[in-house]
Amino acid sequence: MRAFLLAAMAAMMTFAASAVAQAQDRYQTQRVVYHINSPGGEGDGYYRASMRNVQNHINAVGAENLELAVVMHGNGIGLVANAVENTELQTVIASLKGQGVSFLVCANTLSGRGLDYATQLYDVWEADIVPSGVAELSHLQAQGYTYIHP
């Protein structure tokens, strides 16, 4: 029985390695923008699922072959607002930033909601703020970024 389990585990590892190699052969360098403008829902489920999509994208293409931005406006600002107290979101955001993902925040949303990015949002800096989230989406698409709305 133990030999069977070891053989099954070896087969699964071989399959996983093959899938990674196929993905690397299949996908070329990509420029992608993820659009986050919805509330997180119960337990920030939408935000967590969206960030899993981003991580899966990186895993498939490779961080070195990917320029990826997350643009937040409207209710999507909750991703970085909720992360102030949600350590799970903090960990995910920090990990994605460490892999080169940019998190861009709409200045119109900050102004309209009276939010101070330095104290009310997690790990947002002046350089992360764009004048308009929707205009930034259009701008990035004009630069060849593929639009994804998880």
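**Contacts, sheet and helices in a predicted model**

In this predicted model, 75% of the contacts in the protein chain with a separation of 6 or more join residues 24 or more positions apart.

Me: What makes two residues count as a contact here?
Reply: Heavy atoms within 4.5 Å. Of such contacts with a separation of 6 or more, 75% link residues 24 or more positions apart.

Me: What makes β3 and β4 a pair?
Reply: Pairing needs at least two bridges between the strands. Strand β3, residues 102-106, and β4 have two bridges, in the parallel sense. The cut-off is at least two, so they pair. Cys106 stands opposite Val130 in β4.

Me: What is the strand order of the open sheet?
Reply: The order is β4-β3-β2-β1-β5, five strands with parallel pairing.

Me: Why is one side of β4 and of β5 left without a neighbour in the sheet?
Reply: β4 (129-130) and β5 (146-148) stand at the edges. Each has a single partner strand, so one side of each lacks a neighbour in the sheet.

Me: Which strands does α7 lie across?
Reply: Helix α7, residues 133-142, lies across β1, β2, β3, β4 and β5. Its angle to β2 is about 160°.

Notes:
Residues numbered from 1 in each chain as written. Predicted model: local features only at pLDDT ≥ 70, side-chain atom pairs only at ≥ 80, totals over all residues. Heavy atoms only, no water. Helix = DSSP H or I, 4+ residues; strand = E, 2+ residues; numbered from the N terminus. Axes fitted to C-alpha atoms, helices over the stretch in contact; angles between N-to-C directions.
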